[in-house]
Amino acid sequence: MSTSYLPSKGTVVKLTGDAGSSSMYRVDGLRDKLEDAFVITNVLSSESDIIAQVATVDDYRVLYTFGKAFGSITITGILFLGGEYPGMCGKGKPGAVKALYEWFDEVRVSKTKKPIVVSCLGSERWKVYIVSTALMRHDASFNTIEFSITGAIAPNPK
């Protein structure tokens, strides 16, 4: 995933302005905590129904529907950890992982009981209960680490 941002060893990327929360994606409070030490690469949302499928012994099929399930969101990104050369990859810093987990502890649903706003292209907006975060693949060549944040989409009040 990082190859789309850092195509070859020795590449220097300078992130300016609102890089981590670009006009493409915005996650409440994440930029305040991580500054320029990250970029969001994708926001995947899904919606589904609650159903039960029953097949009988005499070859009948019945589909029961029980309404709409909670939607889910997965936010993926790259943390720039800094390195030997200060300023490499924006303002990457060794504390980026700690800052991500501090942000998670501030917004996790078990603590706040409130959703945050996640938006895509400034038009699609979801209220999301943040339920987990994870660190994934570390790229030692560029001193970056991929992360994901997952949440449940809050139901719209009727």
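**Group meeting: a pocket, a sheet and a hairpin**

Good morning. The largest pocket of this protein holds about 320 Å³ of space. A pocket here is an open set of points on a 1 Å grid over the protein atoms alone, with protein on both sides within 12 Å along at least five of seven lines, whereas a cavity is a set where a 1.4 Å probe fits but cannot get out. Its volume is the space filled by probe spheres set on the points, which are joined across faces, edges and corners. The structure is a predicted model, in which local features need pLDDT of at least 70 and side-chain atom pairs count only at pLDDT 80 or more, while totals for chains, interfaces and linings use all residues. Residues are numbered from 1 along each chain as its sequence is written, and side-chain values use heavy atoms, without hydrogens and water.

Who lines this pocket? There are 15 lining residues, and K68, I153, A154, P155 and N156 are the closest to the centre; to count as lining, a residue needs an atom within 4 Å of a point. The lining divides into 8 nonpolar, 2 polar and 5 charged residues. In this division Ala, Val, Leu, Ile, Met, Phe, Trp, Tyr, Cys and Pro are nonpolar, Asp, Glu, Lys and Arg are charged, and the others, Gly among them, are polar. Strand β7 gives the most to the lining, with 4 residues.

Let me turn to the overall fold. The protein has 3 helices and 8 strands, these being DSSP runs numbered from the N terminus (helices H or I, at least four residues; strands E, at least two). From the N terminus on, the order is β-α-β-β-β-β-α-α-β-β-β.

Six of the strands form an open sheet, with antiparallel pairing and the order β1-β6-β7-β8-β5-β2. Two strands pair if DSSP finds at least two bridges between them. At the edges are β1 (25-27) and β2 (38-46), each pairing on one side only. Neighbouring strands are turned by 30 degrees against each other on average, direction ignored. Such angles run from 0 to 180 degrees between N-to-C directions, with axes fitted to C-alpha atoms, for helices over the stretch in contact.

Inside the sheet, β6 (residues 116-120) pairs with β7 (residues 124-139) over 5 bridges in the antiparallel sense; C120 has E124 in β7 as its bridge partner. Helix α2 (residues 96-107) packs on the sheet and touches β1, β5 (71-80), β6, β7 and β8 (144-153), its direction making about 150 degrees with that of β7.

Leaving aside residues up to four places away in sequence, S119 touches M24, Y25, R26, E124, R125 and W126, contact meaning heavy atoms within 4.5 Å.

Finally, the hairpin. Strands β3 and β4 pair in the antiparallel sense over 6 bridges, and A55 has R61 in β4 as its bridge partner. The count of buried residues among the 8 residues of β4 is 0. The hairpin has 5 residues between its strands, and D59 takes a positive phi near 65 degrees there. Most residues other than glycine have a negative phi. D59 counts as exposed, at 56% relative accessibility. K113, in the loop between α3 (109-112) and β6, also has a positive phi, of about 60 degrees.

Note on methods. Buried means under 20% relative accessible area, exposed over 50%, partly exposed in between (1.4 Å probe, protein chains only).
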